[in-house]
Amino acid sequence: MDILLQIVIYLPLLGALVLLAARTDEMVRMISLFVTLASFALSVPLMLNFDVANSHVAQFMTETGPLLAGLDVKYITALDGLSLLLFMLTTFFGPIVVLSSWTSIKKHVKGFFAMLLILQTGSLGVFASLDLVVFYVFFEVTLIPMYFLIGIWGGEGRIAATIKFFLYTLVGSLIMLVALIYLGFHAGDAINNGVFTTDWRLLSSPVYQIGLVEQTWLFLAFALAFCIKVPLFPFHTWLPYAHTEAPTAGSVVLAAIMLKMGTYGLVRFCLPFFPNASEAFAPWMGALAVIGIIYGALVAMVQKDVKKLVAYSSVSHLGFVVLGIFALNTMAVQGAIIQMVNHGLSTGALFLIVGMIYDRRHTRMISDFGGLSGVMPVFAVFFMIATLASVGLPGLNGFVGEFLILNGAFHSVVLNSYWFTILGATGVILAAVYMLWMYRRVMFGPITNKLNEKLADLNAREITLLVPVMIFIVWIGIRPTHFTQYSEHQVTQLLEESREKSAAILQSAKADELPGWAGKFYDITQEFASKIGEE
């Protein structure tokens, strides 16, 4: 199975190389579809053979010797409870984004599909890596194909959107790189006989403990990079432009996969590496998350462009994920992980649907539509399901994640305030307002534009790529435990070990050796970590 994992990761990259020999655009499309379907099909046995009872143990592992002389940097890939669902989500959307671009991409077809395949390998590598340097390489690799997807095949404002996207994410990544290098040397001196190491297993272990001052700065560096990627308010301004200008496939991959790299990073690295800082900054992160939930919803409500409305809804919905992560209890973090998947499915579906109507009308202005349900009844059904899933209707996937997150935040000892849940819940109400209002204006009422009278309903290809997404939207909504079971054991263990590590670091800290701000911030005298242990 470890070899199978490597095949799944690198098959898309191999497919991109094979495209160089393709002579026709039709052959390019067929090869891309075959490669992504094969990648998904081969990933299914990984999920079926995953040991749920030991989800906290890295499975299907491949580990090489040191990649750099004198440094303990190794190629380590595996799947565990934190990464499995996101890994599967990535392979699942591979053939869907290929099919979504089947007829809409007419220039530089070979380059477009090659970028999609390279992006898939980069994304899979991000979720499978258990060495920080390898993770960082894959993390940066994903920027390159997305840069070209937006910059070459995007809309009229693609250049400005591309530059903003690249600069924001690159700045965050470079800051994280500095912190990563410091962390590697610090860990090497502490637990690896002075040899630089970035092995996640060592860095997350209870044996490795970082001082409070170092934790503060390292947490801020890592969290900044991941919050830009999410993006969390106020680092969100690049996202609406990137989404609006990107081609449909780019928007789907960005929403379904790439944004999750930020929230995944917060769980994978910030919580186990910097437990004290994660606890101390939790109320601040929760506050930014709630602001993002409300702000994103209010801005979405006034959008005239349906694609930009969906883009701002991502800012709001991913605020729920960050709130769940920093509630720091099993229920909320479980909700955050399943909500990453839910957001990928529902928002990915919405971007697919927006792309389908744009291909027919070449406009995304809400005012240009109206009455489409009578002309496109099949389209109306799929659009309604995706809309209700995004709103969080019980019985669909969006409800599960939001319920767990709000419930967990309500009982969070770290957040220690009901206001996070109360204010966060207003985002659910506002989502219903802007999503249903948008749906009513687009789909119902009289047809005021004659161009809408003869629009073709969804064809077989479009139905084929939407049906699997809808199946999972309903499946997760009805049987969420079929999916939450994969991460439950690891989330529970990760939080327990983080609390124990946090308490040990606080007990060993000496107030008279710390700067005044650190003593106050971490509340050394009152033993802040003891409260966490009660949760």
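This is a predicted model: local features need pLDDT of at least 70, side-chain atom pairs count only at pLDDT 80 or more; totals for chains, interfaces and linings use all residues.

1. Residues are numbered from 1 along each chain as its sequence is written, and side-chain values use heavy atoms, with hydrogens and water left out.

2. Leucine 423 lies in helix H18, helices being DSSP runs of H or I with at least four residues, numbered from the N terminus. Because its relative accessibility is 35%, leucine 423 counts as partly exposed, a class that falls between buried (under 20% relative accessible area) and exposed (over 50%), with a 1.4 Å probe and protein chains only.

3. Phenylalanine 281, placed in helix H12 (residues 275–301), counts as buried because its relative accessibility is 13%. Leaving aside residues up to four places away in sequence, phenylalanine 281 touches Thr216, Phe219, Leu220 and Phe521, where contact means heavy atoms within 4.5 Å.

4. Helix H18, spanning residues 419–443, gives the most to the nonpolar patch, namely three residues.

5. Five cavities of 30 Å³ or more are found in a search of the whole structure, a cavity being a set of points on a 1 Å grid over the protein atoms alone where a 1.4 Å probe fits but cannot get out, with lining residues having an atom within 4 Å of a point. The largest cavity holds about 110 Å³ of space, and H3 gives the most to its lining, with five residues.

Note on methods: Helices (H or I, at least four residues) and strands (E, at least two) are DSSP runs, numbered from the N terminus. On a 1 Å grid over the protein atoms alone, a cavity is a set of points where a 1.4 Å probe fits but cannot get out, and a pocket is an open set with protein on both sides within 12 Å along at least five of seven lines; lining residues have an atom within 4 Å of a point. Grid points are joined across faces, edges and corners, and a volume is the space filled by probe spheres set on the points.
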